[in-house]
Amino acid sequence: MEHIELLQKSLVVLICVSLLWRIVRYMWSFLNVEKEPVTVLVTGAAGQIGYALVPMIARGVMLGPDQPVILHLLDIEPAAEALKGVKMELIDAAFPLLRGVVATTDAVEACKDVNIAVMVGGFPRKEGMERKDVMSRNVSIYKAQASALEQHAASDCKVLVVANPANTNALILKEFAPSIPEKNITCLTRLDHNRALGQISEKLFVHVVDVKNVIIWGNHSSTQYPDVNHATVTTCDGQKPVRELVADDNWLNTEFITTVQQRGAAIIKARKFSSALSAASAACDHIRDWVLGTPKGTWVSMGVYSDGSYGIQPGLIYSFPVTCEKGEWSIVQGLKIDTFSREKMDKTAQELIEEKTLAYSCLN
Ligand SMILES: NC(=O)c1ccc[n+]([C@@H]2O[C@H](COP(=O)([O-])OP(=O)(O)OC[C@H]3O[C@@H](n4cnc5c(N)ncnc54)[C@H](O)[C@@H]3O)[C@@H](O)[C@H]2O)c1
Ligand SMILES: O=C(O)C[C@H](O)C(=O)O
């Protein structure tokens, strides 16, 4: 008799638990509504980086595997047919997160309501062209696109400039789009940051994910300063300084720096085209960390407007170590800077000051 009662009670409990589980699952299905799509603009989308970048965005590499996206692709008239082809391929790839594609040569249509703008479009240096000619073409493009973004993008749009000269294009965009908060305009130096991580990982035969907190200071050019003074490697004995593990200051202060500074040129020499897959991947890393946050204890390098930190002229777009939280970046403060680093940080800042003067002279 007692056994039957116990069995009955257990059965009731089981039924109750199962019912409760169904109710929770039912309610969860209501709570678990799909996120609103984020609209991402890619300019120069018919180019090399564009071709590598747009599938990454559509696959969730940039904004996460549960974030639907709408892609706005902009290029210029001579590339209109190629751009159409990119759109066709995006449709053919049937990306589950992709909720729409606008391919256009009209900057106003392209910028409409965009939440994130990745500015890859620009005029590449051609044989026989002077630096001033390239600068002149590109700053005019960035001045015009600043207005289109300012007037038509979402008010909290985050902008990443990839096209060279990346820092100065971003500076022009910032200065000619005064209503976009300056915190929302950045340029890509994450590729240089990743290159520095890659070089250390190769040198030490460690996984690249175990290397962190290198810094790229300054310009995305050959004057940039890749700094490992605060970088560490995760080992089975805890975090170890890169300098201690490499145990070769001469290599770190010479070959390592020039390899990272010249890596873009080395890739152009090898491929006959500039880096594309690594640049696209770095652009995804930049936006992902900016939007979703940097891991605890880790910083990354971003070209951001200088607030005077580390004695860098305020207003320049300069690459600093930053951490990101809740969609905002902050410059890592209080790092000790030795004389060797100071000199290199000032040299690349000086180049940016000269580029700014040149850019303004092109606009006059
Ligand atoms: N910051 C970095 O780390 C980094 C790395 C690699 C390359 N880059 C730079 O990125 C840029 C793009 O490189 P790429 O290899 O894709 O070049 P690409 O020449 O293959 O593509 C550039 C595209 O921009 C388009 N374009 C030109 N003017 C435009 C305008 N006004 N509006 C919209 N689109 C326009 C072109 O038609 C072309 O399709 C270059 O300036 C390159 O130097 C930067
Ligand atoms: O396009 C270039 O000049 C090189 C590019 O910026 C790179 O770093 O790979």
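**Figure 1. Helices and strands of the protein chain.** The protein chain holds 13 helices and 14 strands. The model is predicted. Along the principal axes, the C-alpha atoms fill a box of roughly 95 × 55 × 40 Å. Among contacts in the protein chain with a separation of 6 or more, 73% join residues 24 or more positions apart.

**Figure 2. Burial and accessible surface of the protein chain.** The protein chain has 364 residues, and 47% of them count as buried. Its accessible surface comes to about 18700 Å². Carbon and sulfur atoms account for 58% of that surface.

Figure 3. Leu-11 belongs to helix 1, which covers residues 2-31. Leu-11 counts as exposed because its relative accessibility is 52%, and the cut-off for exposed is over 50%.

**Figure 4. Packing of helix 7 against helix 12.** Helix 7 spans residues 190-204 and helix 12 spans residues 277-292. The two helices pack with their axes 8 Å apart, at an angle of about 105°. Helix 7 is therefore roughly perpendicular to helix 12, a term that applies to angles of 65 to 115 degrees.

**Figure 5. Residues in the contact of helix 7 with helix 12.** On helix 7, the contact is made by Arg-190, Leu-191 and Asn-194. Helix 12 contributes Ser-278, Ala-279, Ala-282, Asp-285, His-286, Arg-288 and Asp-289.

Key:
Residues are numbered from 1 along each chain as its sequence is written. Chains are lettered from A and ligands numbered from 1 in the order in which they are written. This is a predicted model: local features need pLDDT of at least 70, side-chain atom pairs count only at pLDDT 80 or more; totals for chains, interfaces and linings use all residues. Side-chain values use heavy atoms; hydrogens and water are left out. Helices (H or I, at least four residues) and strands (E, at least two) are DSSP runs, numbered from the N terminus. Buried means under 20% relative accessible area, exposed over 50%, partly exposed in between (1.4 Å probe, protein chains only). Axes are lines fitted to C-alpha atoms, for helices over the stretch in contact, and angles run from 0 to 180 degrees between N-to-C directions. Angles under 35 degrees count as roughly parallel, over 145 as roughly antiparallel, 65 to 115 as roughly perpendicular and the rest as oblique. Contact means heavy atoms within 4.5 Å. Accessible areas come from the Shrake-Rupley method with a 1.4 Å probe; for residues, only the protein chains shown count as cover.
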